[in-house]
Amino acid sequence: MFPRTSGVKWAGSVTLRSVFYDPVRERAVTSQPKKEDPTSHHAAAVVVSARSEQLFNSLLEQSAVGVALIETATGRIVAANRRCEDITGLPQADLIATPLRAIIHPQDVPTILHQIETLKAGRTPTVSLEHRCFKPDGSIVWVSLWLSSPCDMGQSPTVYLAIIEDITERKQIEEALRASELRFRALSEATTTAIFVYQHNKFLYANPAALAISRFTLEELLTMSLWQIIHPEFRDWARARLTAIERGDQDPSRLELPILRKDGETRWLDFSAATILIDGRPARIGSAYDITERRLAEARERARLELVIRLQEGQLKLARLAHGDLTQDLRTIMRITAETIGVERVGLWLFNGDRSALVCREVYRRSLGTYETEPALEVSRYPTYFKALQRLLSVEATSASYDDVTKELAESYLHPVGITSMLDVPIRRAGRLIGVLCCEHVGEQRGWSAEETAFVAAAVDHVVLSFAVEERRNAMEALRASEARFALAAQGANDGLWDWNMETDEAYLSPRWKQLLGFEDGELSNRVESLLDRLHPDDQPRAKDVLHVHLERRVPYDLEFRLRCKDGSYRWFRSRGQAQWDEDGRPCRMAGSITDITDRRQAFDALSDAYRSLQSMSREVQVAQERERTRLSRELHDEFGQSLGALQFDLNRLADSGSENSTPSESVRRLATSAMATVERLFASLREMIEGLRPAVLEELGLVAAIESMAVKLGQQSKLSCRILADPEIRASLGSVELEGALYRIIQELLMNIVRHAEAQSATVALRCVGGWVQLTVQDNGRGFQVDKALRKGRHGFQGIRERAELLGGTVQIQSAPSKGSCVTVSIPIDPKNLDNSRTPPPLPAQIGTKGRRDEA
């Protein structure tokens, strides 16, 4: 109940009417005629009014809202119920007569004053607003204030009726909701997860991530339903799943489904949703994130696994090939390859004999299941493609018509057939390119994985294996035929045949082999010892060396040796053979034949003896010739030289003869002068004859001095610079004039060849004695020549030089090459006894081939 100290009385009809004045009811009440007694009516009214005031005051005290009267002039509270005390926290004694603005938050005062002015001006009968109030403890309470003027519109009231309601809790809830909404919006705006709200399948909200995924604007999305963005093929499935989730059925709360973006692209989303209330009605808030890349990766991985499985199945099919008929095997390989990697065409192409073109053996067409052929591809027309086959392990062209390697095939081959992509793997045998296996795709372009390339390479290995099996089969057939021919030939051949298995040390000796030694077939065992035990002791080291060289260096095996026959005699045989080596390079087998050459060997020995006799006689003839030249040289020098000298002296006296009073006649002078000229010419001819027979310097000073004199003369006549190198004891070692003469003539011929043909700037002549041999080396830095060609054509006098050396039991070795200079080495035995063939000349000097080249002059 309002306190009486307020000065306001809530009793009596006048007071109630002044507070709750209702003009309509007033008119209705006053307009009805009153027939009762006025005195009785007034007494009754007083009683009713007292009861009403008591009831009204009781209601005000128990009201859930605060009710107060505010004086319009001062803004003070003049009356208030108990609820106002609870709301403001002020006791009624402090609340009464307290100005309203004293308890209102300063920030809200201007708004309230403005509203009160509107009410005071009579422009509105009521004012409703929300504001904050201070409690005595300093806390703030939110209230809803409703002010009403008890006067009619246009009249100025003296008090306002105020109804106050505590809305602090609601404000706190609203503030919490507002903060929660702000946090939600900030999170929603910042997250990369799509967030959206829909109600009755209509979008109410979508965050930027949802807009980015769908490519729709917010305005466009708010006009659309959920089903419009779900992919048409999945709408029925998604509707059933979402409906089941909303019913609470046992269904996963997360779905993976595709949507159609505004640009028509399909994107996969991981979608989940929860139910919320909006305006008291259920709605769904959903979240989704883009899993398209994951789905594509999973699809690629599934495709890769499927491909791997398919490739493994293809490998198993290839491994089960029987390798029987070559054509059928190759067709099976092409068919399996086409089915495994999914191409329309697989072709096998092989080089022709001169490797000028690739010839199509067959092309398998998967859609038709047929095998066809194509025209050959000439190497000269497609150089880039064929160079790539030589260089690369595979040619992979996604866009075959534009690939740098295959585009040159476009007009003539790719376009007519409709080939868009190619995978070609070269076929090689023993490192040599023999063809290519072509996988050709028709239709939309496609790429090639590493696994597919590896599978085609494996198919190529099976192609090579098929060829090898076919060749082995042919070889076995040829071997069987050859063995049959060999058996017939071995029976009728004159040579003995042998076969040695080095791994088991077993040997095969043909019956003819044993017969050549006088044995029957059963008298000698088929062992290697049968041959080794009968080898002549003097021939065993040489036989071992020749065999070792053949097995280690693969030099042809050809040897002559003696074998002991059944009767104990030795006969000469020539053995020729060939070894085989395994994959590690170790000899595993050797076979060959022996031929009886005893008669030929005896004839050769007789011929060798005759040749040695002829050589000895030729040496004696040459020695005699050299001695005769020496004798003639001396006689010409002594006899004819002295006679010509005396004649020249007499002619000089004749030309100068006469007395003091007389002079010789002019005719006599002319005759004397002519005779003297003739004598001079005879002297020159005589010197040339003596030089040709045996140079005087050779006779007097020896070979080295004669060579040096020859070198000086050649240097004066040409631009050749000649250096002479000789052992100090060379003259004492030679010991015979014929050997000196032969060496002098050989050196003379070689130096003249250098001047005439070599175009050399320098030459070196070296003489040395080695182990009973005199060795002459003549070397130049000229243009060189091809030795075989020069000897075959008999150029440069080499035949005469060789004959002169061989007459003395010597040898000639020539080394030369174009632009590399030349080197001639002559070795002659000092003692004629060295003509025995068992004596060999000394090795070539170390400097041969390393000095005197043209670029070192």
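Is Tyr 557 buried or exposed? Tyr 557 is buried, at a relative accessible area of 11%; buried means under 20%, exposed over 50%, and partly exposed in between, with a 1.4 Å probe and protein chains only. Before I go on, this is a predicted model, where local features need pLDDT of at least 70, side-chain atom pairs count only at pLDDT 80 or more, and totals for chains, interfaces and linings use all residues. Residues are numbered from 1 along each chain as its sequence is written, and side-chain values use heavy atoms, with hydrogens and water left out.

Aromatic pairs, then. The whole structure has 10 of them, a pair being rings of Phe, Tyr and Trp (its six-membered ring) with centres within 6.5 Å; planes under 30 degrees apart are stacked, over 60 edge-to-face, the rest tilted. Tyr 557 pairs edge-to-face with Trp 498, at 6.5 Å centre to centre and 80 degrees between the planes. Trp 498 is in strand β18 (residues 496-501) and Tyr 557 in strand β20 (residues 557-564), 59 residues apart. Strands here are DSSP runs of E, at least two residues, and helices are runs of H or I, at least four, numbered from the N terminus. Trp 498 is buried too, at 10% relative accessible area. Elsewhere, Phe 196, Tyr 198, Phe 203 and Phe 271 make up one aromatic cluster.

On to charges. The search finds 37 salt bridges, each a side-chain nitrogen of Lys or Arg within 4 Å of a carboxyl oxygen of Asp or Glu. One of them joins Arg 132 to Asp 108, with the closest N and O atoms 3.1 Å apart. Arg 132 belongs to strand β3 (residues 126-134) and Asp 108 to the loop between α6 (100-103) and α7 (109-120), so this bridge ties together parts 24 residues apart in sequence. Arg 132 is buried at 18%, and Asp 108 is buried at 12%.

Which salt bridge does Lys 566 form? Its partner is Glu 523, at 3.2 Å between the closest N and O atoms. Lys 566 lies in the loop between β20 and β21 (570-581), and Glu 523 in the loop between α18 (511-516) and α19 (529-532), so parts 43 residues apart in sequence are tied together. Lys 566 is partly exposed at 48%, and Glu 523 is partly exposed at 40%.

There is also a salt-bridge network, linking Arg 215, Arg 261, Asp 263, Glu 265, Arg 267 and Asp 290.
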